[in-house]
Amino acid sequence: IDGFQSFDRSRFFPNNITISVAGDSRFLLEATHASLRRSGSMTARQKARREVLERTVTYEPRAVERSFAELLDQIARDRPPRGGQPLVLVTDLKKEYTSALETHALGSFGKGMVARVLVSSRKPRTGWNPLFPVNYWDRELRKDQSAYRRKTSCHARNASNGMARFWCYARYHNYRKRYLIGSH
């Protein structure tokens, strides 16, 4: 499980699409969307523009935490831990993931039934990285969907349109695209 950063409408409305991918098959299991407030370095003009835009917008507090908790809900329904088969969650070190798991039912399940493997997102994105399945999806989305490319002028008009396009692509990738290119 990891977050995919992009934006809706413009760069003033970043989002985090948290995705859950099955390890060996790279099958996308679930994804949730969280709208974020723009942060980082901005010019004075950009700060003024953000201030004008934010007069009509209310941001959800702890949106990334809520997004991760929704994925945990789906996992608890579809793949509950069973005796002898612990559920292994591989995530990065994001503090929102830790706090969501601590308050979720999966976090307090039986000892040894749910294990979390923490991986630094700064590690190389190779096939040996335990986060490779979600890093692979990140790469594929940026490669195949113009709205998710870095430094692009193409973007979704709103979060609903962006997620609808995301799920159309996910269906194609999960069910029609059979192999990694060059893996024959």
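Predicted model: local features only at pLDDT ≥ 70, side-chain atom pairs only at ≥ 80, totals over all residues.
Colleague: Over the face of which residue does Arg38 lie?
Modeller: Residues are numbered from 1 along each chain as its sequence is written, and side-chain values use heavy atoms, with hydrogens and water left out. A charge sits over a ring if NZ of Lys or CZ of Arg is within 6 Å of the ring centre and within 35 degrees of the ring normal. Arg38 lies 4.9 Å from the ring centre, over the face of Phe12.

Colleague: And over whose ring does the charged end of Arg26 sit?
Modeller: Here we're looking at another Arg over a ring. The distance to the ring centre is 5.4 Å, and the ring belongs to Tyr136.

Colleague: How many aromatic pairs does a search of the whole structure find?
Modeller: Rings of Phe, Tyr and Trp (its six-membered ring) pair if their centres lie within 6.5 Å; planes under 30 degrees apart count as stacked, over 60 as edge-to-face and the rest as tilted. Going through the whole structure that way, the number of aromatic pairs is seven.

Colleague: What kind of pair do Phe27 and Tyr175 make?
Modeller: Their ring centres are 5.6 Å apart. The planes stand at 80 degrees, so the pair is edge-to-face.

Colleague: Is Trp137 buried or exposed?
Modeller: Buried means under 20% relative accessible area, exposed over 50%, and partly exposed in between (1.4 Å probe, protein chains only). Trp137 has 0% relative accessibility, so Trp137 counts as buried.

Colleague: Which residues form one aromatic cluster?
Modeller: Trp137 belongs to a cluster of aromatic residues. Its members are Trp137, Tyr169 and Tyr172.

Colleague: Which strands stand at the edges of the sheet?
Modeller: Strands (E, at least two residues) and helices (H or I, at least four) are DSSP runs, numbered from the N terminus, and two strands pair if DSSP finds at least two bridges between them. Three strands form an open antiparallel sheet in the order S1-S2-S3. Each edge strand has a single partner, so one side of each is left without a neighbour in the sheet; these are S1 and S3.

Colleague: In S2, what is the bridge partner of Gly3?
Modeller: S1 and S2 run antiparallel and are joined by six bridges. For Gly3, the partner in S2 is Thr18.
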